[in-house]
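Subject: Handing over the structure

Hello,

Here is the structure I promised to pass on. Please have a look at it first, and then read my notes below.

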Amino acid sequence: QAPLVESGGGAVQAGGSLRLSCRLSGRIDTSYFIRWFRQPPGKERQFVAWIGTNGGGEYYADAVRGRFTISSNKFENSIDLQLSNLQPEDTGVYSCTGRLHGEGAGDAWGPGTQVTVIS
């Protein structure tokens, strides 16, 4: 079972919205932050947001603050990312990451989901 799997990407017109989901397996230690990153075409990976699933708290990159909302869906055991007022510069592969259970196990990444914003 993959530790994390993203879904919800797609193509949308500028100004539109999407809701991404990061499904967590039991291999992920939710006492640590879950983070979303994105990688625009031809660019390095960028931090988007994190959330403390057990202790609460959230934080956003300046580029998305006020437009994106990260939340914990305990029923679905997922971390969702609501993307609003999307702009072409939001285009990229969105991935989530979390810490695996076990000392020294390190972080796991999902395969990512493509978001394309059409101007």
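A word on burial before anything else: a residue is called buried when its relative accessible area is under 20%, exposed when it is over 50%, and partly exposed in between, using a 1.4 Å probe and protein chains only. Please keep in mind that this is a predicted model, in which local features need pLDDT of at least 70 and side-chain atom pairs count only at pLDDT 80 or more, while totals for chains, interfaces and linings use all residues. Residues are numbered from 1 along each chain as its sequence is written, and side-chain values use heavy atoms, with hydrogens and water left out.

**Salt bridges**

How many salt bridges does the structure hold? There are seven, where a salt bridge means a side-chain nitrogen of Lys or Arg within 4 Å of a carboxyl oxygen of Asp or Glu.

Let me start with R38 and D90, whose closest N and O atoms are 2.8 Å apart.

R67 is buried, as is D90.

A further salt bridge links D107 with R35, with 3.4 Å between the closest N and O atoms. D107 is in strand β10 (residues 107-109) and R35 in strand β4 (residues 33-39), so the pair connects parts 72 residues apart in sequence. Are these two buried or partly exposed? D107 is partly exposed, with a relative accessible area of 36%, and R35 is also partly exposed, at 26%. Salt bridges that share partners join R35, R99 and D107 into one network.

**Strand β9 and its neighbours**

Six of the eight residues of β9 are buried, so this strand is largely enclosed by the rest of the structure. Which strands pair with β9? Pairing here requires that DSSP finds at least two bridges between two strands.

- β4 runs antiparallel to β9 and is joined to it by five bridges; R38 stands opposite Y94 in β9.
- β11 (residues 113-118) pairs with β9 in the antiparallel sense over three bridges, and T113 in β11 is the bridge partner of Y94.
- β10 pairs with β9 in the antiparallel sense over three bridges, with R99 opposite D107 in β10.

**A four-stranded sheet**

There is also an open sheet of four strands, in the order β1-β3-β8-β7, with antiparallel pairing. Its edge strands are β1 (4-7) and β7, each of which pairs on one side only. On average, neighbouring strands of this sheet are turned by 15 degrees against each other, direction ignored; the axes are lines fitted to C-alpha atoms, for helices over the stretch in contact, and angles run from 0 to 180 degrees between N-to-C directions. Within the sheet, strand β3 (residues 18-24) and β8 run antiparallel and are joined by six bridges. I79 in β8 is the bridge partner of C22.

Best wishes

Methods
Helices (H or I, at least four residues) and strands (E, at least two) are DSSP runs, numbered from the N terminus.
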